[in-house]
Amino acid sequence: MIVRSFDELENTERHVRAASGTWESKRIVLARERVGFSLHETVLYAGTETSMWYAHHVEAVVCTAGEAELTDHETGLTHTIVPGTMYLLDGHERHTLKVKRDFRCLCVFNPPVTGREDHDENGVYPLLTEPGPTDAGAADDAA
């Protein structure tokens with residue numbers, strides 16, 4: 001069993017800040033836990049716009065605070081995302097979040113991320129992997 005608080009992740013290797021400066025994310029469950037998904041609490045900052053395309057991952061997002069406008073580049077449709085709203089990128093849709101008020105959300109990724117990912121120039125997370133099971137214990141001890 002694993003129990004973690006958001007507070008204990010603050011300013012650790014699991015607290016990732018985007019190079020773009022538009023978001024930060026606390027990586028609660030990562031690939032190293034070997035449970036088949038990763039879980040993050042992410043905050044995107046008011047007044048920012050982030051374009052993303054998870055070419056290698058499926059992502060589910062639940063908004064817990066704030067407000068953003070989600071644009072699906074595949075269809076051109078725009079959705080207002082507020083607390084209690086979920087969206088699922090089950091078709092690897094290219095999308096943009098335009099944040100009106102600091103947007104806090106819980107995100108689940110499959111396959112799980114390692115925690116080292118940041119969006120590249122196309123908005124894609126690379127498909128990174130963790131070391132094999134014989135190396136997993138050392139990685140877990142470091143977290």
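**Close-up 1. Arg-14 and its salt bridge to Glu-33.** At 3% relative accessibility, Arg-14 counts as buried (under 20% relative accessible area with a 1.4 Å probe, protein chains only; exposed is over 50%, and partly exposed lies in between). The side chains of Arg-14 and Glu-33 meet in a salt bridge at 2.7 Å, N to O (a side-chain nitrogen of Lys or Arg within 4 Å of a carboxyl oxygen of Asp or Glu). Arg-14 lies in the loop between α1 and β1, and Glu-33 in the loop between β2 and β3, 19 residues apart. Helices (H or I, at least four residues) and strands (E, at least two) are DSSP runs numbered from the N terminus. The model is predicted: local features need pLDDT of at least 70 and side-chain atom pairs pLDDT 80 or more, whereas totals for chains, interfaces and linings use all residues. Residues are numbered from 1 along each chain as its sequence is written, and side-chain values use heavy atoms, without hydrogens and water.

Close-up 2. Glu-33 pairs with Arg-4, the closest N and O atoms being 3.3 Å apart. Glu-33 is buried at 13% relative accessibility, while Arg-4 is partly exposed at 27%.

**Close-up 3. The salt bridge between Glu-13 and Arg-32.** The closest N and O atoms of this pair are 2.9 Å apart. Arg-32 is buried, with 11% relative accessibility.

**Close-up 4. Surroundings of Tyr-87.** Leaving out residues up to four places away in sequence, Tyr-87 touches Glu-59, Ala-60, Val-61, Leu-70, Ile-81 and Leu-97 (contact: heavy atoms within 4.5 Å).
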